[in-house]
Amino acid sequence: MASSKEYVDFILEQCEGLTARAMMGEYVLYYGGKVVGGVYDNRLLVKPTPSAKKRMPNAPMELPYEGAKKMFLVENMEDKAFLQSLLAAIAEELPTPKRGRK
């Protein structure tokens, strides 16, 4: 099942600086130019970094799609301050993406 545009728009409204890119019916989420997670089957999943584990110690780990690595399911999406700090911390821990060839 593909994620709905309305759900993605809600997530984007919750967090300033977050952007989404559609990919095969789902959405990859970027914060500060880094992939921090995605929306899969109308579920917000984020990369399992140490700061994500610290902020969500009891969060379930779920597969975004068959063959992928498990990610943390974010269930507290209504708290804008929490979501903003979570995504900022995840992005801070991730390496800067390498530029592709032109």
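Analyst: A residue is called buried under 20% relative accessible area, exposed over 50%, and partly exposed in between. The model under discussion is predicted.

User: Does Met-24 count as buried or exposed, and where is Met-24 found?

Analyst: Met-24 is found in the loop between β1 (18-23) and β2. Its relative accessibility is 85%. Because exposed means over 50%, Met-24 counts as exposed.

User: What is the phi of Met-24?

Analyst: Met-24 is a residue other than glycine, yet its phi has a positive value. That phi is near 50°.

User: Which other loop residue has a positive phi although it is not a glycine, and what is its phi?

Analyst: The residue is Asn-42, which is found in the loop between β3 (34-40) and β4. At 28% relative accessibility, Asn-42 counts as partly exposed. The positive phi of Asn-42 is about 55°.

User: In what order do the elements of the protein run from the N terminus?

Analyst: The secondary structure comes to 3 helices and 6 strands. From the N terminus on, the elements run α-β-β-β-β-α-β-β-α.

User: What is the radius of gyration of the protein, and what would a compact globule have?

Analyst: The C-alpha atoms fill a box of roughly 40 × 30 × 30 Å along the principal axes. For 102 residues, a compact globule would have a radius of gyration near 13 Å. The value for the protein agrees with this, at 13 Å.

User: What share of the contacts in the protein with a separation of 6 or more comes from residues 24 or more positions apart?

Analyst: Contact here means heavy atoms within 4.5 Å. Among the contacts with a separation of 6 or more, residues 24 or more positions apart account for 49%.

User: What percentage of the residues count as buried, and how much of the exposed area do carbon and sulfur atoms supply?

Analyst: Of the 102 residues of the protein, 42% count as buried. The protein exposes about 6,400 Å². The share of this area supplied by carbon and sulfur atoms is 54%.

User: Is Ser-51 buried or exposed, and which residues is Ser-51 in contact with beyond its neighbours within four places in sequence?

Analyst: Ser-51 is found in helix α2 (residues 50-55). Its relative accessible area is 9%, so Ser-51 is buried. Leaving aside neighbours within four places in sequence, the contacts of Ser-51 are Ala-89, Ile-90 and Glu-93.

User: Where is Pro-48 found, and which residues does Pro-48 touch beyond four places in sequence?

Analyst: Pro-48 is found in the loop between β4 (43-46) and α2. With a relative accessible area of 43%, Pro-48 is partly exposed. Its C-alpha atom is separated by 12 Å from that of Leu-63, 15 residues apart along the chain. Not counting residues up to four places away in sequence, Pro-48 touches Met-61, Lys-70, Met-71 and Phe-72.

User: Which residues is Phe-10 in contact with, leaving aside its neighbours within four places in sequence, and how far apart in space are Phe-10 and Glu-78?

Analyst: Phe-10 has its place in helix α1 (residues 5-14) and counts as partly exposed at 29% relative accessibility. Leaving aside neighbours within four places in sequence, Phe-10 is in contact with Met-77 and Glu-78. Phe-10 and Glu-78 are 68 residues apart in sequence, while their C-alpha to C-alpha separation is 9.4 Å.

User: Which residues line the largest pocket, and what is its volume?

Analyst: The lining of the largest pocket consists of Met-23, Met-24, Glu-26, Val-28, Tyr-40, Asp-41, Pro-64 and Tyr-65. By class, this lining has 6 nonpolar, no polar and 2 charged residues. The volume of the largest pocket is about 170 Å³.

User: How far apart in space are Met-23 and Gly-38?

Analyst: Met-23 is found in strand β1 and counts as partly exposed, at 36% relative accessibility. Met-23 and Gly-38 are 15 residues apart in sequence. Their C-alpha to C-alpha distance is 9.9 Å.

Key
Residues numbered from 1 in each chain as written. Predicted model: local features only at pLDDT ≥ 70, side-chain atom pairs only at ≥ 80, totals over all residues. Heavy atoms only, no water. Helix = DSSP H or I, 4+ residues; strand = E, 2+ residues; numbered from the N terminus. Buried < 20%, exposed > 50% of the residue type's maximum accessible area, 1.4 Å probe, protein only. 1 Å grid on protein atoms, 1.4 Å probe; cavity = no way out; pocket = protein on both sides within 12 Å on 5 of 7 lines; lining within 4 Å. Points joined across faces, edges and corners; volume = space filled by probe spheres on them. Nonpolar A, V, L, I, M, F, W, Y, C, P; charged D, E, K, R; others polar. Rg over C-alpha atoms; globule rule 2.2 N^0.38 Å. Areas by Shrake-Rupley, 256 points an atom, 1.4 Å probe, with all protein chains shown as cover.
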